[in-house]
Amino acid sequence: MEKYAVILAGGEGRRAGGSVPKQFRMLSGRPMVWWSARAFLDAFPEIRIVMVVHPDFIEEWRKMQVNLQEADRFPHTVCRGGSSRPESVANGLRCIESDYGAASDAIVFIHDGARPLVTPEMVRRGACALEKNRDGVIPAVRAVNSLRELTTDPALPLDMAESISVERARYVEVQTPQIFHLSLLLPLYREASRLAGFTDDASVAESVGKKVGLYEGDTSNIKVTHPLDFCIAEAILRERERKG
């Protein structure tokens, strides 16, 4: 079965600081998005990588590729990011359709480029989970912090909001890669403009009645958002290298 990884690197990443989007900042000597691509290729050497890049940084990414050591370069398609996550996903799917002429039973992994610590084991685990006659699967980890539900306008400052406690055991935190059959996702993203309010692919699929299952994520698969997250990611990569 053909496999494709759409790595979303189309944001501007301003909260993380720096002069370039966070996904292109160096992490342990390589651009952050490199680590995600490497995990997919280590999991499935035949997988095809589609990198969705902010239009202003496509040339920057190409220069980064040239500056990588030859052993670190990998074949991939670059396509333009959109003004929203759904538009970026749609662009990536169109690249698969136009550049590769993918088979209808191909599977596609949609992954946030800001999650560089995904592992090959987790990628393979997700692919196996999709085989259980599901429309799609998403990784999740159990919530470890106490949670509260806001009962007033979510846009209010927290010191003005009201809330109630909820049962933590009933909640999980969602990660990526989210994995679907390409034949399911393509029609859903034909009109990406109507999907602007959706924050992930699972909610898009569920909006038309598809059943999305869970698979075990990884607590180290953090989303790098703030400057401190870079320090945490560096430490995790160093520990992995130490363990070999």
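A pocket, found on a 1 Å grid over the protein atoms alone, is an open set of points with protein on both sides within 12 Å along at least five of seven lines; residues with an atom within 4 Å of a point line it. Grid points are joined across faces, edges and corners, and a volume is the space filled by probe spheres set on the points.

The model is predicted: local features need pLDDT of at least 70 and side-chain atom pairs count only at pLDDT 80 or more, while totals for chains, interfaces and linings use all residues. Residues are numbered from 1 along each chain as its sequence is written, and side-chain values use heavy atoms, with hydrogens and water left out.

**Stop 1: the second largest pocket**

Select Trp 35, Asp 42, Leu 237, Arg 240 and Glu 241, the closest to the centre of the second largest pocket among its 17 lining residues. The volume of this pocket is about 430 Å³. Next, colour helix H1 (32-43), helix H4 (120-130) and helix H7, each of which supplies at least two lining residues. Helices (H or I, at least four residues) and strands (E, at least two) are DSSP runs, numbered from the N terminus. H7 gives the largest share of the lining, five residues. By type, the lining has six nonpolar, three polar and eight charged residues. Here Ala, Val, Leu, Ile, Met, Phe, Trp, Tyr, Cys and Pro count as nonpolar, Asp, Glu, Lys and Arg as charged, and the others, Gly among them, as polar.

**Stop 2**

The term means a side-chain nitrogen of Lys or Arg within 4 Å of a carboxyl oxygen of Asp or Glu. Glu 239 is partly exposed at 31% relative accessibility, and Arg 242 is exposed at 61%. Buried means under 20% relative accessible area, exposed over 50%, and partly exposed in between (1.4 Å probe, protein chains only).

**Stop 3: two links across the chain**

The structure holds nine salt bridges. Select Asp 112 and Arg 85, another bridged pair, with 3.6 Å between the closest N and O atoms. Asp 112 is in strand S6 (residues 107-112) and Arg 85 in helix H3 (residues 85-100), 27 residues apart. Is Asp 112 buried or exposed? Asp 112 counts as buried, at 14% relative accessibility.

Finally, select Glu 97 and Arg 190, which meet in a salt bridge (3.1 Å, N to O). Glu 97 lies in helix H3, and Arg 190 in the loop between helix H5 (182-188) and helix H6 (201-206).

Notes: 1 Å grid on protein atoms, 1.4 Å probe; cavity = no way out; pocket = protein on both sides within 12 Å on 5 of 7 lines; lining within 4 Å.
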